[in-house]
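Let me put the thing up on the screen and then walk you through it.

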Amino acid sequence: MKLLTLNFLTCARKTCKSNAAAFPLHPKEAELEQVETDMNPLFIKNILPRLDWEAMKTLTTELGLPNLPAETPSDEELATDGEPSQTAKDLHTLLMETSIQSGKLVCGNCEHEYAVKEGIANFLLPSHMV
Amino acid sequence: MSRPEDNLPPDLFYNEKEARQYTTSSRIRNIQADMTHRALELLDLQEPSFILDIGCGSGLSGEILSGVEEDEGGPHTWVGMDISSSMLAQALERDVEGDMLLADIGQGVPFRAGSFDAAISISAIQWLCNAETSDVSPEGRLKRFFDGLYASLKRGGKAVCQFYPKNAQQRSLISNAAIKAGFGAGILEDDPETKSVKVYLVLSVGGGDVTGAVSGMENVDVMDARRKERKRGKEFEKKGSKAWIMRKKSQMEAKGKVVKTSSKYTGRRRKTAF
Ligand SMILES: C[S@@+](CC[C@H](N)C(=O)[O-])C[C@H]1O[C@@H](n2cnc3c(N)ncnc32)[C@H](O)[C@@H]1O
Ligand SMILES: [Zn+2]
């Protein structure tokens with residue numbers, strides 16, 4: 001599961017939907033994987049304003065990744081002389097190439113743990129928890 | 001012909017064997033690819049987008065999203081949800097580019113509000129009608145799904161769901177659930193009244209006009225009665241007009257009455273532009 005996806009994923013329980021603590025989910029015992037992919041600068045530009053940067057910082061800290069800048073990079077920082085900037089490349093690496101291969105995702109509100117195996121998180125809830 | 005939906009829940013039907021056969025059949029791959037292309041055409045995305053693939057299976061639909069060329073507004077990035085671990089295992093084997101969740105869409109859509117530019121679903125949502133246990137009903141699961149989908153899309157976002165309704169009741173059960181969730185909705189039929197008819201539910205979240213997405217197309221039934229009603233007030237809703245009929249129909253259906261299903265002939269026919 002890419003860090004991109006983790007920046008949008010919330011706890012699936014109804015009782016957690018409107019609770020601020022249910023996002024982001026907290027990685028636990030996470031094994032990370034780095035896979036090179038083609039850069040898609042227009043996608044980065046499109047998704048950037050939708051990222052929750054505070055959540056992004058929480059995730060990177062919890063995963064032991066290098067610190068992020070304090071604020072969301074601006075649109076102008078994505079290109080230098082018409083070429084993708086270092087910032088754009090870093091965002092690509094962070095969002096699109098870094099993923100959780102196995103471990104758990106824990107809800108900060110209800111403490112439910114979602115298992116991740118082979119990069120796929122199990123969000124099936126037993127019916128009493130739906 | 002018997003429908004798999006009538007006999008088994010989806011996670012049991014799509015077992016290891018079925019998932020492998022489904023994914024390797026060139027006939028199925030072609031059909032799923034064609035329908036995904038059609039859905040993309042209806043979404044009309046202008047830039048590389050973040051897309052939710054509902055019932056993504058082994059990624060036959062998703063890989064089309066990843067494969068859209070730059071000069072056609074792609075490639076897109078997708079996240080898939082599916083209830084069958086065997087289908088997802090096939091997707092892993094084929095090394096698809098999207099992220100996937102093992103999840104039941106009838107339990108909701110676990111993403112924060114406004115996450116996605118768009119959503120597609122190819123041949124999946126009819127499965128939601130087959131829940132019959134003491135604690136879940138098709139209505140309840142459809143509501144969970146469409147409410148969640150609505151919230152997960154950004155304003156102006158669209159969703160296109162190709163599905164195989166069992167019959168007219170099921171078709172309106174599904175589209176009414178979408179309308180109740182707040183979507184502007186239209187239904188498009190390709191090859192109507194043939195054995196290979198394909199039904200597309202085209203949905204938009206406030207701002208994106210569904211009539212724009214499907215106008216000028218043949219066999220389109222625009223059903224965004226609820227939105228029009230709210231915007232213009234009832235006095236502008238002419239008695240006998242499509243909006244009026246649709247509202248009466250949903251009122252009657254809400255009361256549990258069986259109403260004639262809406263067809264392209266309901267109320268009036270849209271002129272085609274070409
Ligand atoms: C015919 S396959 C289509 C897969 C893929 N969209 C394609 O075009 O090849 C239908 C898929 O819907 C999934 N499905 C059915 N009910 C579901 C549910 N409640 N939640 C998530 N996925 C579901 C099935 O597991 C199956 O993989
Ligand atoms: Zn929770």
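So, one term before I start: when I say polar contact, I mean a pair of N or O atoms within 3.5 Å; within protein, one must be able to donate a hydrogen and the other to accept it, and residues adjacent in sequence count only if both atoms are side-chain atoms. With that in hand, a polar side-chain atom of Arg141(B) lies 3.5 Å from a nitrogen atom of ligand 1.

Now the housekeeping. This is a predicted model, where local features need pLDDT of at least 70 and side-chain atom pairs count only at pLDDT 80 or more, while totals for chains, interfaces and linings use all residues. Residues are numbered from 1 along each chain as its sequence is written, chains are lettered from A and ligands numbered from 1 in the order in which they are written, and side-chain values use heavy atoms, with hydrogens and water left out.

Back to the ligand. Gln32(B) has a side-chain N or O atom 2.8 Å from an oxygen atom of ligand 1, and a backbone N or O atom of Gly55(B) is 2.9 Å from a ligand nitrogen. On its own, ligand 1 has 590 Å² of accessible area, and the protein covers 98% of that (Shrake-Rupley method, 1.4 Å probe). Around ligand 1 there are 21 residues, and Tyr22(B), Asp82(B) and Asp104(B) are among the closest; to be counted, a residue needs a heavy atom within 4 Å.

Next, strand 4 of chain B, residues 116–122, where 7 of 7 residues are buried. Buried is under 20% relative accessible area, exposed over 50%, partly exposed in between, with a 1.4 Å probe and protein chains only. Strands are DSSP runs of E, at least two residues, and helices are H or I, at least four, numbered from the N terminus. Pairing takes at least two DSSP bridges. Strand 4 pairs in parallel with strand 1 of chain B over 3 bridges, and 6 bridges join strand 4 to strand 5, also parallel. Ala118(B) stands opposite Ile51(B) and opposite Lys158(B) in strand 5.

Last bit: the backbone. Most residues other than glycine have a negative phi, and most peptide bonds are trans. Here, a cis bond joins Gly74(B) and Pro75(B), omega about -10°, with Pro75(B) in the loop between helix 5 and strand 2 of chain B. And Glu193(B) has a phi near 55°. Is that one buried or exposed? Exposed, at 74% relative accessible area.
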